[in-house]
Amino acid sequence: MTAECKWCGQALILDLPENSSEFEVEEAMVNTCNCVEALRQRQLRTAAREAQNNVRELCLNADPQSGLKPCDERVTGIAEDAIDLMVQRTLNEITIKMPNKGTLSVKLSSGGKFTVQRKIQRGQKRESE
Ligand SMILES: [Zn+2]
């Protein structure tokens with residue numbers, strides 16, 4: 001199919017069927033166009049995938065020595081969805097508080113850098129379940 005780049009308006013030939021979703025079209029644009037914004041989006045999406053890997057790493061493979069317990073996979077799903085929204089600049093930051101499991105926060109800086117943090121809140125009891 002053909003489409004105009006969302007950012008620079010250049011006509012692009014995308015290797016996609018006509019009935020592709022808006023999301024698929026945008027993804028293809030990002031990977032096809034060479035304009036500054038498409039390149040910036042490409043870098044942001046690469047950083048987002050790394051942040052999503054970090055979320056899974058920090059939450060599902062929590063080190064027992066650190067006192068952090070693994071979180072529910074549905075919780076990491078929320079954080080991963082939030083990162084997708086950050087790529088679209090619909091969201092800048094999310095903090096998820098879990099009972100006895102501390103907090104998980106993800107932040108996107110204006111420079112396009114993701115920060116993923118997992119913390120035990122001060123004064124929180126470390127009880128076993
Ligand atoms: Zn473009």
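**Exercise 1.** Find the bridge partner of Lys97 in S4.

*Solution.* The model is predicted: local features need pLDDT of at least 70, side-chain atom pairs count only at pLDDT 80 or more, and totals for chains, interfaces and linings use all residues. Residue numbers start from 1 along each chain as its sequence is written.

Next, widen the view. S3 and S4 (residues 102–108) pair in the antiparallel sense over 6 bridges. Pairing requires that DSSP finds at least two bridges between two strands.

**Exercise 2.** Give the strand order of the open sheet and name its edge strands.

*Solution.* The 3 strands run in the order S3-S4-S5, with antiparallel pairing. S3 (93–98) and S5 (114–119) are the edges, since each pairs on one side only.

**Exercise 3.** How are H1 and H2 oriented to each other?

*Solution.* Take H1 (residues 22–32) and H2. Helices are DSSP runs of H or I, at least four residues. Their axes are 8 Å apart, at an angle of about 110°. Axes are lines fitted to C-alpha atoms over the stretch in contact, and angles run from 0 to 180 degrees between N-to-C directions. H1 and H2 are therefore roughly perpendicular, a label for 65 to 115 degrees.

**Exercise 4.** Which residues of H1 and H2 meet?

*Solution.* From H1, take Met29, Val30 and Asn31. From H2, take Ala38, Gln41, Arg42 and Arg45. Contact means C-beta atoms, placed from the backbone, within 7 Å.

Terms used. Helices (H or I, at least four residues) and strands (E, at least two) are DSSP runs, numbered from the N terminus. Angles under 35 degrees count as roughly parallel, over 145 as roughly antiparallel, 65 to 115 as roughly perpendicular and the rest as oblique. Two residues are in contact if their C-beta atoms, placed from the backbone, lie within 7 Å.
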